[in-house]
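Open the model in your viewer and keep the selection panel at hand. The stops below go from the whole chain to a single site.

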Amino acid sequence: MKALSPLLAVLAIVGFAVVGGHTHAGLVFLAVFVPYAAFAVFLVGFCYRVARWAWIPVPFRIPTTCGQQKSLPWIKPASLDNPSTGWGAFRRMALEILLFRSLFRNNRARLHDRRLVLGEDRYLWLGALAFHWSLLVILLRHLRLFVQPVPVFVSVLSRLDGAFQVGTPALYISDVVILGTLVYLTARRFRNPLARYLSMPIDYLALFLLLGIVTSGLLMRFVVRVDVAAIKQFALGLAVFRPVVTSAITPIFLVHLLLVSALAAYFPFSKLMHMGGVFLSPTRNLANNNRSKRHVNPWNHPVKTHSYAEWEDEFRDKLKTANLPLEAEDARQITGH
Ligand code: HEM
């Protein structure tokens, strides 16, 4: 039931695209106005949220640590799990962003013979990693629609991605992987009782939007063929703010474009913002040097203090009379200050 409202929302977008594109005004609205508006919301929203995170002061080091911190020379520190230098924190971040290292160490708790057993669970890691990498490859390959001449690395990437040529047009590896992983990630939310319980309706929205985008893309490539050259003309027009609505904008392309627009507009308000947030997470991007360096809270307001030495000066006579030790005076005699 939780998945019903996001499913209906995605189907409504598909319906708009199919029905709304029949008139010229509708076509201009859906193919030009909506993508521009969505892209503007994405850009402003993304920058706003990243800027807000960046502006939040982080006066102390609060990295999550999972290993021995640097201490005495003969105790081996865990330089990745408890980085004490900027370089160590950089390496940890790189492994997190490129290989999802913390997800790799994901555990699954199960009851076995009435005992709690912790086991490894690598499927989620593999699914998430394969999904993100294939999405990146697809987005980079799409550059051929927006840039003229097509950059060399995009052509090379497309050739590598289509290396297992199965029929014509070539079936991209990234297409197979993204479809498989999206189906797995969605099925996991339905089948795993814990994930199902924890999932909110909004958790399904991004998955359904992505499934819709990938399915319509594959349909365009293999079933309801579109004039890619004409779509490139349209996309280039959009990119330089001189859009021309042509007959290349077929209902299936409009479905693809509208779902992409919906995802872009929704992005800044969603958990998908982890794309920008991961770089700004102080629990990850800081080195743990709390003990080796003094970090002073910049918000400390000046406080009037009364040191022990001052107190001793104030009551010296009385302390001397009572034969009590005078530590500050002794210290001054030793150090000569
Ligand atoms: C989140 C963004 C997007 C995703 C995930 C996505 C995904 C896909 C996928 C998986 C395909 C199947 C074939 C392939 O991999 O090349 C495809 C095809 C296609 N997409 Fe997208 N797409 C996105 C954005 C766009 C945008 C903004 C346009 C607008 C110009 C577009 C236009 C097309 C076209 C024309 C095809 C057919 C290509 C062909 O037949 O070779 N896509 N898309």
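Predicted model: local features only at pLDDT ≥ 70, side-chain atom pairs only at ≥ 80, totals over all residues.

Next, select the iron atom of the ligand. Which protein atoms are its donors? They are NE2 of H142 and NE2 of H256, lying 2.1 Å from the iron. These two come from distant parts of the chain, 114 residues apart. H142 sits in helix α5, residues 123-142. H256 sits in helix α11, residues 251-266.

Now show the angles at the iron. The six donor atoms subtend 87 to 178°, so the arrangement is octahedral.

Is H256 buried or exposed? Its relative accessible area is 12%, under the 20% limit, so H256 is buried. H142 has 29% relative accessibility and therefore counts as partly exposed.

The shell holds 21 residues, and the closest are R141, H142, D175, R221 and H256. By class, 14 are nonpolar, three polar and four charged. Helices α5, α9 (201-222), α10 (228-239) and α11 each contribute at least two residues to this shell.

A polar side-chain atom of R141 is 2.8 Å from an oxygen atom of the ligand. For H142, a polar side-chain atom lies 2.8 Å from a ligand nitrogen. The side chain of H256 also has an N or O atom 2.8 Å from a nitrogen atom of the ligand.

How values were computed: Residues numbered from 1 in each chain as written. Heavy atoms only, no water. Donors = N, O, S within 2.8 Å, 3.2 Å for Na, K, Ca; no water. Tetrahedral: all angles 85-135°; square planar, octahedral: opposite > 155°, others 65-115°. Helix = DSSP H or I, 4+ residues; strand = E, 2+ residues; numbered from the N terminus. Buried < 20%, exposed > 50% of the residue type's maximum accessible area, 1.4 Å probe, protein only. Near = heavy atom within 4 Å. Polar contact = N/O pair within 3.5 Å; in protein donor to acceptor, adjacent residues only side chain to side chain. Nonpolar A, V, L, I, M, F, W, Y, C, P; charged D, E, K, R; others polar.
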